Amino acid sequence: MTTKTKLLASTFAALAALPAAAQDLPSANDGVLKIGLIYTLSGPAGALGTQARDGFMLAVNQIKEIGGMPTEIIIVDDEQRPDLAADKARELVARDQVDFVVGPIFSNILGAIHKPVTETGTILISTNAGTSGYAGAECNENFFVTSYQNDQNHEVMGAYAQKQGYQNVFLMAPNYQAGKDSLNGFKHSYTGGVAGEVFTELGQLDFSSELAQIAAFQPDALFTFMPGGMGVNLVKQYSQAGLTSIPFLSAFTVDETTLPATQDAAVGLMGGANWAPDMDNAANKTFVDGYLAAYDAVPGTYAMQAYDAAQLIDSAVRSVGGDLTDRAALKAALHKADFASPRGDFSFGNNNFPIQDFYLVKAEKRADGKYQTAIVEKIFDDYKDNYADQCPL
Amino acid sequence: MTNLFILQLLNGAQLGVLLFLIAAGLTLVFGIMDVINLAHGVLYMIGAYLIATFAALTGSFWLGLLLMLPAALVVGLVIERLVIRPLYARSHLDQVLATFGLVMIVNEGVKILWGTTPLSVPLPALLSGSIPLIGPLQYPVYRLAIIAAGLAVAAGLYVVVNHTRIGMLLRAGATNRDMVSALGVNIRKLFSLVFALGAVLACFAGAIVAPILSVDTGMGESVLILTFVVVVIGGIGSIRGAFLGALLVAIVDTLGKTFGPILLHYIMEPAAAGQTGRMLAPMLVYILMAAILFARPQGLFGQRAS
Amino acid sequence: MKGIQHISARIWLSLLIFAGFATLPLIAMATDDPFLLLIGTRILAYAIAAMALDLILGYGAMVSFGHAAYLGFGAYAVAILNSYGVTDLGLHILGAVALSAIFALLTGAISLRTSGVYFIMITLAFGQMAYFFFVSLSAYGGDDGTPLQARSTLFGSDALENDRVMFYTALALLIILFAGATRIVGSRFGRVLIGTRENPVRMEAIGLAPFRYQLTAFVISGCMTSVAGVILANQAEFVSPAFMSWHRSGELIVMVVLGGIGNLTGAIGGAVVALLLEDWLAVLTEHWRLLFGVFLILMVLYSPHGITGALERFKGGRK
């Protein structure tokens, strides 16, 4: 090292040694429970984040004081922009000093906010995205998931295709990480042949060229993962192209966020899910009826999982008596998952990802003219994800 | 394989006529008024939102379409009067900024007026269903109708541009603006007309595509840039260039996405071919553009280089 | 003489801005708001990018609508080199500059064969091409982008992990690049560049090929912008194609124009004002883009020379 660089290095060392401006965890015991929600509220996928936010706020309104404490909720929109989300997550943690960050919808946003939130010791609860990395080797004691591991709904569909004895399935997903996870998940439990495998552009709205390929291949079934607006378009174009004789298996494509737009075009299409609005239990009735009354819409899994996140925080904060300073006790209380989920059985695995049942669901029209998914059959019971074993926790 | 090729060719043609409808207005606005308009893509979006609203109000796609056209004309005239007209004498930079601002305003305004949830427009019953092509192949009637409508508009524009007095002025304006105004033509009126015509065409494109796409706030963005590529390739101010450019871009894009990976299979490992194909496919149209510009900086049918 | 006084006034102004930046960490400490440093670092990065764009836009009249691509090259240089175990900031900047130089040389050579509206649209299209390249680059997360495991290292130490050091490093880079850009503008090269803006035909007539000067400036500008990308990646500890969307390119142009084109200090000020305005409007309403759009149109229609222009008119009016 030359003298000059030595000098520079020591200057930097001196700067770094200045008293750190509250970079470590803020004293969490100010008597108020602060929760930051970070969801995609605008843009083509805004409907998903809106559902999740509404689901969370429904629980807040039903419980009144989460954890028996005065509660402050800060809601931010990530606009489905990871770079923006990373910034906003830092703002929640450093400036607003929240105790919990809840969200997001998309895996790419999770990738952006995971490190900035968890490295400060703040607890992050994902109510939708559950990427494989964070379920396995990169699992984190400050990170909880109330949804599923991304692969699981796809594994449900793979298992169904396997059960049906399909030999020739056409696979299609958007070209991003969750899309790839999706097809891998499907293949995890499906061993039959693959007629074709197509990755579409993320945000693609016209599927004519892909549908043309499907028409040309005439597969036993199509399996696809097309969340949000992409799914709406695909479903409409699928029925317009006259392909409905080919079974349409999907995940996150036909659900309560897209059904109001696709309506009859989606009826009869199948998906995999960890819950459906027609499940028969008391907790689900409170949730679905409450949601219908408050927002005049049928809730989807996005809303249900966010609702559970609020219930989870409530149960844990109550069990530690509102003491947010003892992080270890708080995390242990969270890990117990001591609340009644609308989906029935729910517990956390060692990686803080859920262990739960999975179902085949089908879109249908309700008596009130709205649309919903309904349970056809249970595919997996108390199902754990495939990455939990790699998690050192 | 040939079946797939025919289908994709049809899909390319459908995308092509849509791009043409949008590009035709844009290229005239560039060519005649020398105004760069980034907000042309949001006009396409407005068309889709208008028809979604009118179709829902009247319960009929056709009535919706009929109401959409005069509404689009009004939108075009209002935008021209408020934002575009003060920009005629300004630099391209000012035009970029102001129309960029307009994009922000319209995108956000649409969110306020219609919400963020994507809307949907039902297919007109007359044009639903698909017709059989060869073997098991089917093709949606509605998409064929889009192709037909686009070609009809193209033919109509051809007649107007080449065989009417207005068309003569348009052609003259695209070649030499100053000469036209020196000849005593009311240039301001001509400009309003051109802009409104472009707006109606873009709205029409958005409206006819609404039944097959979901109507949402992002829909103008991707189309805008493809349209720029079309205009640049075809040559600014040239309707014929816009038509051929649109078809070229659409077909290269559609075929590239399907056949790129398939062709690469012959020279690479399957996994690597899939990967490379996916990387190259979205870039193909830009590479095409670069190649054409390298040979002809003024585009295929452009009169002048700037 | 008046011109020289004018320039030194600008340099004084820029010194004032730099001094203001230098006190920001103290304010952050005093107000117990560490988030200020992150905002500050982001503003510094955009200030560099805006200054770089002004170099060609203001002095060379090249309206590049694809400059966000270079932010992306800078950011991805960090991510890619990191994944190969190369963590040094200097090497990251070197990689970013090399990548940008190649891209700027190739696309600049094609784009500069045209001018005016064509140039704007072609740079936009090339920007999109780069964007789509990284969107499909699945090894680095594709459209999702990829989080950085750690910030760049500085002479082998991880000092940049401290937000304050990160901030001062970004400030140092801004000052160095500002000094460099000021020298370029004042040099013979800079005068030729301004000449090509004013009258390319005359430049050709006196035996100077505008193309070569413009291309050189284009490449320099791209390389400088990529340094901003390196800072942004380190600030966000996250890299994604979103850095290079065409909206970002538009925002860069807004910053330059806001500061008054052809004014390096103004570009820095423009970046500060634009980002603060965005933040401030976003606090007011979730529909802040609507207000920002209205602001843009009004600015173009009523204050064609940006803030500095408005200030100068204000001064002129008081005389």
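User: Which strand of chain B does Ile131(B) lie in?
Analyst: Ile131(B) falls within residues 130-132 of chain B. In this predicted model, that stretch of chain B is strand β1.

User: Is Ile131(B) buried, partly exposed or exposed?
Analyst: The relative accessible area of Ile131(B) is 34%. Buried needs under 20% and exposed needs over 50%. Ile131(B) therefore counts as partly exposed.

User: Moving into helix α1 of chain B, is Ala13(B) buried or exposed?
Analyst: Ala13(B) is found in helix α1 of chain B. The cut-off for buried is under 20% relative accessible area. Ala13(B) has 19% relative accessibility, so Ala13(B) counts as buried.

User: Leaving aside neighbours within four places in sequence, which residues is Ala13(B) in contact with?
Analyst: Sequence neighbours within four places are left out here. What remains for Ala13(B) is contact with Ile147(B), Leu247(B) and Ile251(B).

User: How far apart in space are Ala13(B) and Leu284(B), C-alpha to C-alpha?
Analyst: In sequence, Ala13(B) and Leu284(B) are 271 residues apart. In space, C-alpha to C-alpha, the separation is 17 Å.

User: On to the interfaces. What area is buried between chain B and chain A?
Analyst: Here 31 residues of chain B are in contact with 26 residues of chain A. Carbon and sulfur atoms give 55% of the buried area, and that area is about 2,300 Å².

User: How much area do chain C and chain B bury between them?
Analyst: This interface puts 44 residues of chain C in contact with 52 residues of chain B. Carbon and sulfur atoms carry 80% of the buried area, which comes to about 4,300 Å².

User: Which residues of chain C lose the most area to chain B?
Analyst: Together, the residues in question account for 17% of what the chain C side buries. They are Tyr118(C), Met121(C) and Trp246(C).

User: Which side chains meet in a salt bridge between chain C and chain B?
Analyst: Across this interface the rule finds 1 salt bridge. The N to O distance is 3.9 Å, and the side chains are those of Arg289(C) and Glu108(B).

User: Which element gives the most to the side of chain C that touches chain B?
Analyst: The count is 6 residue pairs in polar contact between chain C and chain B. At least two residues each are supplied by α5 (116-135), α10 (246-258) and α12 (288-302) of chain C. With 13 residues, the element that gives the most is α5(C).

User: Which residues are linked with Arg289(C) in a network of salt bridges?
Analyst: The structure holds 28 salt bridges over all chains. In one network, Arg289(C) is linked with Glu79(A), Arg81(A), Glu108(B) and Lys111(B).

User: Why does the pair Arg42(C) and Asp87(A) join two chains?
Analyst: The side chains of Arg42(C) and Asp87(A) meet in a salt bridge at 2.1 Å, N to O. Arg42(C) lies in helix α2 of chain C and Asp87(A) lies in helix α3 of chain A, so the pair joins chain C and chain A.

User: How far apart are the closest N and O atoms of Arg151(C) and Asp163(C)?
Analyst: Arg151(C) sits in the loop between β1 and α6 of chain C, and Asp163(C) in helix α6. Arg151(C) is buried at 3% relative accessibility, and Asp163(C) is buried at 12%. They form a salt bridge in which the closest N and O atoms are apart by 2.9 Å.

User: Is Lys285(A) buried or exposed?
Analyst: Lys285(A) meets Asp289(A) in a salt bridge, and both lie in helix α11 of chain A. Asp289(A) is partly exposed at 37%. Exposed takes over 50%, so at 53% relative accessibility Lys285(A) counts as exposed.

Technical notes:
Residues are numbered from 1 along each chain as its sequence is written. Chains are lettered from A and ligands numbered from 1 in the order in which they are written. This is a predicted model: local features need pLDDT of at least 70, side-chain atom pairs count only at pLDDT 80 or more; totals for chains, interfaces and linings use all residues. Side-chain values use heavy atoms; hydrogens and water are left out. Helices (H or I, at least four residues) and strands (E, at least two) are DSSP runs, numbered from the N terminus. Buried means under 20% relative accessible area, exposed over 50%, partly exposed in between (1.4 Å probe, protein chains only). Contact means heavy atoms within 4.5 Å. Buried area is the accessible area (1.4 Å probe) that two parts lose on being put together, summed over both. A salt bridge is a side-chain nitrogen of Lys or Arg within 4 Å of a carboxyl oxygen of Asp or Glu. A polar contact is a pair of N or O atoms within 3.5 Å; within protein, one must be able to donate a hydrogen and the other to accept it, and residues adjacent in sequence count only if both atoms are side-chain atoms.
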